[in-house]
Structures are given as structure tokens and as C-alpha cells.
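Please look over the chain shown here before reading on. The briefing moves from the whole chain to individual elements and residues.

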Amino acid sequence: MRDPGTVDAKPTFLATFDIEDWFHAENVRSVLPTTDPDSLEGRLEPNAHALLDILADAEVRSTMFVLGWVAERYPDVVRRIVADGHEVASHTHLHRNLNKLPRDEVARELAQAKDALEQVTGLAVRGVRAPNFSVSDDVLDVLEEAGYWYDSSYFGFEQHDRYGRISATIDANAPVVEVRPGLLEIQMTRVPMGPLMVPWAGGAYFRLIPYPVFRRGVAKQLRSTSWFTFYLHPWELDAEETAPAGMARSLRFRAYTGRSRVIRDLRRLVDEFGSSRIDEALRGLGYTATGTS
């Protein structure tokens, strides 16, 4: 492991994707008619393939944080992710908020996902993103003990009601921070707007911020730090999905607004800024993976 101090001059845009189905999203969970995901309509396959087609057309590679549940039910999707040259990392097994679980359950969630993903891909899983960025000091301890190389769950926006918290001090402009011996944190990007650091990493922020404004924020961040971490979900490409009955207006707004332009705007984003895999970007900074096999 090494601490590079500063990021290399070449701009690095990391387009990362959390591979889950529509009913895993926290905004819709409270109004689903059942907690059994196997009894709900699956929409992952067409959305995932639409996403992969966009990346293939742009000839870019990314890191995909995939649920173990997805690997068990849609192994062909995961095989295509690998065949297209993308990195497969873990998004846990069942999309449970890790900072709400006892440490032994966190360890089981991660181990079950790792096993499912590695059985399908035949490749080591070295990175994790906690659902809803539900990181905590205990979660980081479990990741360190399990030998993971990196985590990408920290979103330093304390106003959000779901994001986790950690005790480590992380500079908002630092692309990579060693939060435990041998464990790196790739935080979600925020952009300075006057005295504020504004969340800009993707997801609902990408859907709600007009694209010309969003791409200016990306370009500004790449000029100042040469690094940008972006995230999105396959279901955000799905403008045909119907909101469950009884969903609160605020949650409906957060989950569904802006979907009609995501495919177009994502194409524009990766065409202009490209994309790198997290593992390759870290190696480009001189970091070496240790631990997981």
C-alpha cells in the first residue's frame, strides 16, 4: 500500500453502478405489498443490459457493485458484466443497511455475497459498497478483518437521513483515504459551491440537477482534483416503472423524477468523461491489493 499524497494529473472519472432491482430501493420498500422479492416483478435484466449497452457503445469500463442475490438469480447478467470488461464488487447479499445490523450479521451478509459473486465470476471480490451508503466504524472493522481492499460507502453529507457516519476525518477533496490498515475508502464526490460542499456523485442528484449544470460540476471537480466518483442504479434508467400504490409524494419525487432523461444524459456523460474501473484506478495511483483472494 502507498499514500500517493496527490492524485495523478490525468483526470479519472469513475462511473460506478449498484446492480439491484427496483424493489431493493429504499424509497419504495415501505410500500411494497410483500417483503418476498421473488414474488415481485423482476425488471433488472432489461435495465442492466440497457446500462451495459451504453457503456459498450462508449467503449468504457466501470466497477459494478452487485448484490449476491443478483448473482444467484441473474448469473448471465453478471457474466456479461465480466465479459464486457467491468470490475465486479459487492453490494452485499440482500441490500440490508449494514449500519443497522450486528457485526456478525454484517459479516454474514458480506460473506454470502462474496461467495455468490465469486462462484459466478471466478474472480476475487475486493471492494464493497454498503446499501444506502450505510457505512459505520463497525462496518469498516468487519471489512478490514475480512481483508477487503477498498470500500466505497462514505458520503460526507450529514443532512441526508440514511447515510452512515464514520469517526475518521476525510478531506472532501481526497479521492482515496486509508481508513483502516490496508483498507481504502473511495468516497462519493461532493462539489464546492461557495462555502458548501454539495452532493454531486450521481443517483437522484444526477436525475434532479439539469444535465448542463451537472456536467459543469463534474468538469470543475476534475480540474481541481482530477478525480470524480459517480454512481447510478439500473432502475434509474427505467422510465416505464410504475410507483407502488400509497407511496408518499416526497418518496415518489426522490425515486422517479428525471428518469426519462437518464439514458440520454448517461450516454453524454460517459462519452465526454469516459470511465475507469476502481481497481485499475487504484493501481494507477500505486496502490496494491492485499488480503482478499
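What follows is a briefing on a predicted model, arranged by topic.

The secondary structure of this chain comes to 11 helices and 10 strands. With a radius of gyration of 18 Å, close to the 19 Å that the globule rule gives for 293 residues, the chain is as compact as a globular protein of that length.

**The chain as a whole**

- Along its principal axes, the C-alpha trace spans about 50 × 45 × 35 Å, and 58% of the 293 residues count as buried.
- Among contacts between residues at least 6 apart in sequence, 76% join residues that are at least 24 apart.
- The chain exposes about 12200 Å², and carbon and sulfur atoms supply 49% of that area.
- There are 34 positive and 42 negative side chains, and the centres of these two sets lie 6 Å apart.

- Strand S10 covers residues 227-232, and because 6 of its 6 residues are buried, the strand is largely enclosed by the rest of the structure.
- In a regular strand, side chains alternate between the two faces of the sheet.
- In S10, Trp 227, Thr 229 and Tyr 231 point one way while Phe 228, Phe 230 and Leu 232 point the other way, and all of them are buried.
- Strand S1, made up of residues 12-19, pairs with S10 in the parallel sense over 6 bridges, and the bridge partner of Thr 12 in S10 is Trp 227.

**Phe 230, within S10**

- Phe 230 has its place in strand S10, and it counts as buried because its relative accessibility is 0%.
- Although Phe 230 and Phe 17 are 213 residues apart in sequence, their C-alpha atoms are 8.1 Å apart in space.
- Leaving aside residues up to four places away in sequence, Phe 230 touches Phe 13, Leu 14, Ala 15, Thr 16 and Phe 17, and its contacts also include Ala 201, Gly 202, Phe 206, Phe 214, Leu 266 and Leu 269.

- Asn 27 lies in helix H1, which runs over residues 26-29, and Asn 27 is buried, with a relative accessible area of 9%.
- When residues up to four places away in sequence are not counted, Asn 27 touches Arg 162, Met 247, Leu 251, Arg 254 and Ala 255.
- In helix H6, which runs over residues 137-146, the residues Val 139, Leu 140, Asp 141, Val 142 and Leu 143 are buried.
- What covers these buried residues of H6 includes helix H5 (103-121), together with strands S4 (127-128), S5 (150-151), S6 (177-180) and S7 (183-185).
- After H6 comes Gly 147, whose phi is positive, near 85°.

- Most residues other than glycine have a negative phi.
- Glu 59 has a positive phi, near 55°, although it is a residue other than glycine; its place is in the loop between helix H2 (44-58) and strand S2 (63-66).
- Asn 132, also a residue other than glycine, has a positive phi near 55°, and its place is in the loop between S4 and H6.
- Which of these loop residues is buried and which is exposed? Glu 59 is exposed, with a relative accessible area of 74%, whereas Asn 132, at 18% relative accessibility, counts as buried, because the cut-off for buried is under 20% relative accessible area.

Terms used. Residues are numbered from 1 along each chain as its sequence is written. This is a predicted model: local features need pLDDT of at least 70, side-chain atom pairs count only at pLDDT 80 or more; totals for chains, interfaces and linings use all residues. Side-chain values use heavy atoms; hydrogens and water are left out. Helices (H or I, at least four residues) and strands (E, at least two) are DSSP runs, numbered from the N terminus. The radius of gyration is taken over C-alpha atoms; the globule rule is 2.2 Å times the number of residues to the power 0.38. Buried means under 20% relative accessible area, exposed over 50%, partly exposed in between (1.4 Å probe, protein chains only). Contact means heavy atoms within 4.5 Å. Accessible areas come from the Shrake-Rupley method with a 1.4 Å probe; for residues, only the protein chains shown count as cover. Lys and Arg count as positive and Asp and Glu as negative; His and the chain ends are not counted. The place of a charge is taken as NZ of Lys, CZ of Arg, CG of Asp or CD of Glu. Two strands pair if DSSP finds at least two bridges between them.
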